Amino acid sequence: MEWSLESIREMVAGGMQSVRECEICALSIAMCVLLLFMWYCYRVGQEHGSSPLHCRNREKGKRGSMLEEQNGFAFCQSSECFRCTSAGESLNQRLYHSLQEYAKRYTWSGMGRVHKGVRDQGRYLNSRPTIQRPEVFFLPDLPSAPFFSREVQRHDVELLEQSFPALLAEFESIYHQPPARGGSSLPPGWKANNTPRGQWWTYYLVNQGTPLVLNVRRCPRAWRVLGQLRTFIANNVFGNACFSVLTPGALITEHYGPTNVRLRCHLGLRVPPSCELVVGGEPQCWSEGSCLLFDDSFLHRAFHEGNLEDGPRVVFMVDLWHPNVAAAERQALDYIFTPGHLDDKEGK
């Protein structure tokens, strides 16, 4: 190659042109990244514009709001609901005060995740993806999945399934009682829940950690089974046990549970065709005499699309500890979320 002034000029001109093209390419890439980032920020702002710790009773009158039209959350309509009465900015402070009180009385050992969860509770709840968003308390670093294998709580699952005949017989005895006095169309002890269509009835033995004495007396065998379970949440507002009935045509609209520290267990007692449970977008069908384990902090709904002659869908529902919540953590959470404990702190 011969070097000349002309060839050098051509090389310099070509190099400058390449630089200009690279600058234009880099600028285009930077603009695309900036636009993507701005779109992401907009979507996050839209998604988390309102706190998930809303009071369902107060929002009852907002039936026409866009949030309800999209999600169709059911309202508990109870002034005794822990999720409704405890939601608010002061809850985090009360949780932290209760944790400190527990640690002084017992120990800080094993409290790493609980302390982390209580300390940053507001951030955790507001930053959760829409598929899983517990309404009250999120314990970090727990494995998450909509459905769990029966093996994770094998003892309690097998005990419940072995008790299927006794639980079914006890359901029949309380379900076919004459209606209660006072104009109610339901037998004594049953509660009607709000649904957009159809009927959803529950008969609680334990409601938010509190036994219902009259109902327990009518169901001694079911109560005995609860006492034999190893992981039933018995002394905690997150613990419930009930018979749950869906009539044909009923829909339980999608909603979130209060926490990820529990697994909800459904033992199928009566399961007609066309009944389904959808958790985190994954559908499952109940089976008579078998248990389904799911994390109800995921968005979930249930429906019975069978015919009238198919009869109701009936399950026995109990709340069990998530298998990865350690014994020390369970003890601390039982102390913090003892029924009435946080309300007492609020009144002081």
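Mentor: Ala192 has Trp201 as its bridge partner in β3, and that pair belongs to the antiparallel pairing of strand β2 (residues 191–193) with β3, which extends over three bridges. Strands here are DSSP runs of E with at least two residues, helices are runs of H or I with at least four residues, and both are numbered from the N terminus; two strands count as paired if DSSP finds at least two bridges between them. The model is a predicted one, in which local features need pLDDT of at least 70 and side-chain atom pairs count only at pLDDT 80 or more, while totals for chains, interfaces and linings use all residues. Residues are numbered from 1 along each chain as its sequence is written, and side-chain values use heavy atoms, with hydrogens and water left out.

The hairpin of β2 and β3 has six residues between the strands, and within this hairpin Gly198 takes a positive phi near 75°. Strand β3 itself spans residues 200–207, and seven of its eight residues are buried, where buried means under 20% relative accessible area, exposed means over 50%, and partly exposed lies in between (1.4 Å probe, protein chains only).

β3 also pairs with strand β5 (residues 241–246), in the antiparallel sense and over six bridges; in that pairing, Thr202 has Ser244 of β5 as its bridge partner. A further antiparallel pairing, over two bridges, links β3 to strand β4 (residues 210–211), and there Val206 stands opposite Pro211. Two residues lie between the strands in the hairpin of β3 and β4, where Gln208 takes a positive phi near 50°.

Pro211, which is placed in strand β4, is partly exposed, with a relative accessible area of 40%. Leaving aside residues up to four places away in sequence, Pro211 touches Leu205, Val206 and Trp223, a contact being heavy atoms within 4.5 Å. The C-alpha atom of Pro211 is separated by 8.8 Å from that of Ala234, although these two residues are 23 residues apart along the chain.

In soluble globular proteins, nonpolar side chains tend to be buried together. The largest nonpolar core has 35 residues, and those with the most contacts inside it are Leu160, Trp190, Leu226, Phe243, Leu269, Phe316 and Val318; such a core is a set of buried Ala, Val, Leu, Ile, Met, Phe, Trp, Tyr and Cys residues joined through side-chain atoms within 4.5 Å. Among the elements that give two or more residues to this core are β3, β5, α10 (220–228) and β7 (262–270), while α8 gives the most, with five residues. A second, separate core of 22 residues includes Leu99, Tyr102, Phe238 and Val325.

Elsewhere, strand β6 (residues 251–255) is largely enclosed by the rest of the structure, because four of its five residues are buried. Three bridges join β6 to strand β11 (residues 300–304), the two running antiparallel, and His255 stands opposite His300 in β11.
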